[in-house]
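Biologist: Hi! Could you walk me through this model? I'd like to start with the core.

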Amino acid sequence: MKSRFLLTVILMLLASAAYAQSDAQNSSVVPVPSAAQKSFATMKTLAGEWEGAVAVQDMPQMSGAKMHLSLRVTSRGNALVHEFQEAGTPLDATKYDHPVTMLYVDGDQLTLIHYCDAGNRPRMTGKMSPDGKTVEFEFADISGSATYHMHHAVFTIIDADHHTEDWTFMMKDKAIHAHFDLKRAQ
């Protein structure tokens, strides 16, 4: 009687092990990342410290300013924090511009929320170009006043140590374009 019981237990264990092994083989298929996940993975490669000059169309007094950019992956890899400031200025948001932008995947969309010095929060959705070097963000909506707001952004990766950012700011109905040429800080 004991030997039949022991044999039954052993057979059940073997069947469970075989089932677990076949189940593991079936679940070892890696899911294909969505377009938003691929775009976000590309954006996360920019994590680090960056410096470079800005050129502002129609505002020569702002062109040539040296900028510092910090890009940091946070929240267990689920968000990217983008922080701009003029190079050499302290982190004092009461005296200096210091916009913060958050990037993350929301469902099937790469999403950007810009916490603007103008006091509003435009939201944009992004798509990567077919060559994988550019991520372009289109305006979706805004919280707060839309009179002055960021409206469009394009990130272009030149190589691992060089990228550009093009931002469009709406001043009432006039678009102001700023081009940032950024190199990884050493």
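Modeller: Happy to! A quick definition to begin with: a nonpolar core is a set of buried Ala, Val, Leu, Ile, Met, Phe, Trp, Tyr and Cys residues joined through side-chain atoms within 4.5 Å. Keep in mind that this is a predicted model.

Biologist: Okay, which residues touch the most other members of the largest nonpolar core?

Modeller: Those are M43, F137, F155, W167 and F180, out of 28 residues in that core. The elements that each give two or more residues to this core include the helix α2 (35–44) and strands such as β1 (48–56), β7 (134–143) and β10 (174–184).

Biologist: And what does F180 touch?

Modeller: Leaving aside residues up to four places away in sequence, F180 touches A53, V54, M67, F84, H163, T164, E165 and W167. In the strand pairing, F180 of β10 stands opposite E165.

Biologist: Switching to the fold, how are the strands arranged?

Modeller: Ten strands make a closed barrel, running from β1 through to β10 in order, with antiparallel pairing. From one strand to the next, the twist averages 25°.

Biologist: Nice. Where does α2 lie?

Modeller: α2 lies across β2, β3, β4, β5, β6, β7 and β8, and runs at about 145° to β4.

Biologist: Which of its residues are buried?

Modeller: In α2, the buried ones are A36, S39, F40, T42 and M43. Looking down the helix axis, the buried residues of α2 fall within an arc of 155°, so they line one face of the helix. They pack against β3, β4, β5, β6, β7 and β8.

Biologist: How many bridges join β4 to β5?

Modeller: Seven, and the two strands run antiparallel. For example, V100 has Y115 in β5 as its bridge partner.

Biologist: New topic: why is β9 described as largely enclosed?

Modeller: Seven of the ten residues of β9 (residues 162–171) are buried, so the rest of the structure largely encloses this strand. Buried here means under 20% relative accessible area.

Biologist: What does β9 pair with, then?

Modeller: β9 pairs with β8 in the antiparallel sense over ten bridges, and with β10 in the antiparallel sense over ten bridges.

Key
Residues numbered from 1 in each chain as written. Predicted model: local features only at pLDDT ≥ 70, side-chain atom pairs only at ≥ 80, totals over all residues. Heavy atoms only, no water. Buried < 20%, exposed > 50% of the residue type's maximum accessible area, 1.4 Å probe, protein only. Helix = DSSP H or I, 4+ residues; strand = E, 2+ residues; numbered from the N terminus. Contact = heavy atoms within 4.5 Å. Pairing = 2+ DSSP bridges. Axes fitted to C-alpha atoms, helices over the stretch in contact; angles between N-to-C directions. Arc of directions from axis to C-beta.
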